[in-house]
Amino acid sequence: DDISEGWTSISDTFYWSFTTVLGGADKAPVSIGGKVVFVGHAIFALIIAATYTGAVAAFLISSSGLAVVDGFDSLATGQFGVAIRGPEFDTAALEPLFRGSHSGGNSGNQTIESTQFMLMQALMKSSSSSSFTMFTYNRMLTRTAAGEDFVYAKGKSPCSDKTNELGVYDSVLCGKDGDRETPQALVHDSFSLIYELNKRKEIDGDCKLVTRGISVNPSGMALAFPLNSELHIPFSKAILELNARGVVQGILRSDAFALHKNKCPWTSVGGGLSINFAEMGGLFIITFGGIFLAMLVGAVERFLYFRALAAEEEEEEEEENGEKQEDEEAVAEAGGADEENASDEFECITGLLDELGDQMTRIEGLSGKLATLRDKAAQFAASKSEHNAPESGAEPNQTPH
């Protein structure tokens, strides 16, 4: 009943939407559409409030508690050991060959430096605040004592046989949380990493290794050829052509590779996904976007409401005009009937008056005759009295003979 009309309804719609999201609406929707919007607002507000509260609580707890691996930057602090394929080096040497802290592994000083190893060395060279604690290994996958590749299978752990030469993946798998003598994380090419973790999840049914954080210096994939090889030019042309036609992306997204589907992302203890500052800011964007959408829906519904109200008023006015016209016609018909009745009554009265006149004439005639008869009767009585009167000198009470 207190909905504003005209252009003032825009501010009223904004006020209603904003207070609904914050749980302080002072208007009760009546229409079905209004109730649907109100319920949607309430559920939306509940989800936003619960998500934001949980995210802030988790962020405060993780910030005030123990340090955890949350991406590549957390490894640069040196608090966590990182497994990587690269050469062994002596940290305590007067002039160590490489920067950072070497804490273990099974590689030798002749192991080839991986791209990730060189990236860490470049970061430590460019910034004195970066210092990685590295565990270097000969290869990514584990080998048995016989020099054969370890076949990963369900129920068959590479950690149980101490004679196995652990690779980077299994060194982290076999490590212990919080143990500085074992690596806590690894860094490797994203496509190879996702492929290996997805394959292990299909075998185990769950993720024993998970990814966390964003990709660092993503550069895609490439094929390597010997220096001055004649094959790199035709291969480069073919790859560029296939990439332009979308074939490469199709292969990477096929079910055989499924490299676009990371089946083992990190999740919080409670089962929810981690959230960062950008995602928290996105919640505010979603909130205000929802408010804007609610304003738009409210404005459309308000427009339809007033249009229906105007149509209803017009219909009521037409009904009133029709009823008024019917009343006038009824009054006109009643007036005509009254005139006919008055005419009939006038004729009846006129006839009665005529009859009354005739009766009066007859009465007058009878009165005249009555007067004549009365005169005659009086004359007769007088003549009779004279006839019966006694002669002078006669005895009274004597009847003459």
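**View 1. Lining of the largest cavity, six nonpolar and five charged residues with no polar ones.** In this classification Ala, Val, Leu, Ile, Met, Phe, Trp, Tyr, Cys and Pro are nonpolar, Asp, Glu, Lys and Arg are charged, and the others, Gly among them, are polar. The model is predicted: local features need pLDDT of at least 70 and side-chain atom pairs pLDDT 80 or more, while totals for chains, interfaces and linings use all residues. Residues are numbered from 1 along each chain as its sequence is written, and side-chain values use heavy atoms, without hydrogens and water. The lining consists of Tyr152, Leu173, Leu197, Arg200, Lys201, Asp204, Asp206, Cys207, Lys208, Leu209 and Cys264. Helix α6 (residues 190–204) gives the most to this lining, with four residues; helices are DSSP runs of H or I with at least four residues, and strands are runs of E with at least two, numbered from the N terminus. The volume of the largest cavity is about 60 Å³. A cavity is a set of points on a 1 Å grid over the protein atoms alone where a 1.4 Å probe fits but cannot get out, and lining residues have an atom within 4 Å of a point. Grid points are joined across faces, edges and corners, and the volume is the space filled by probe spheres set on the points.

**View 2. The largest nonpolar core, with 15 residues.** Such a core joins buried Ala, Val, Leu, Ile, Met, Phe, Trp, Tyr and Cys residues through side-chain atoms within 4.5 Å, where buried means under 20% relative accessible area (1.4 Å probe, protein chains only). Leu75, Val82, Phe117, Met120, Phe132, Met134 and Val187 touch the most other members. Two or more residues each come from α3 (72–75), β1 (81–85) and α4 (115–126). The largest share, three residues, is that of α4. A second, separate core of 12 residues includes Ala83, Tyr137, Leu197 and Cys264.

**View 3. The aromatic pair of Phe72 and Phe132.** Five aromatic pairs are found in the whole structure; rings of Phe, Tyr and Trp (its six-membered ring) pair if their centres lie within 6.5 Å, and planes under 30 degrees apart are stacked, over 60 edge-to-face and the rest tilted. This pair is tilted, at 5.5 Å centre to centre and 45° between the planes. Phe72 lies in helix α3 and Phe132 in the loop between α4 and β3 (133–137), so the pair ties together parts 60 residues apart in sequence. Phe132 is buried at 0% relative accessibility.

Conventions:
Buried means under 20% relative accessible area, exposed over 50%, partly exposed in between (1.4 Å probe, protein chains only). On a 1 Å grid over the protein atoms alone, a cavity is a set of points where a 1.4 Å probe fits but cannot get out, and a pocket is an open set with protein on both sides within 12 Å along at least five of seven lines; lining residues have an atom within 4 Å of a point.
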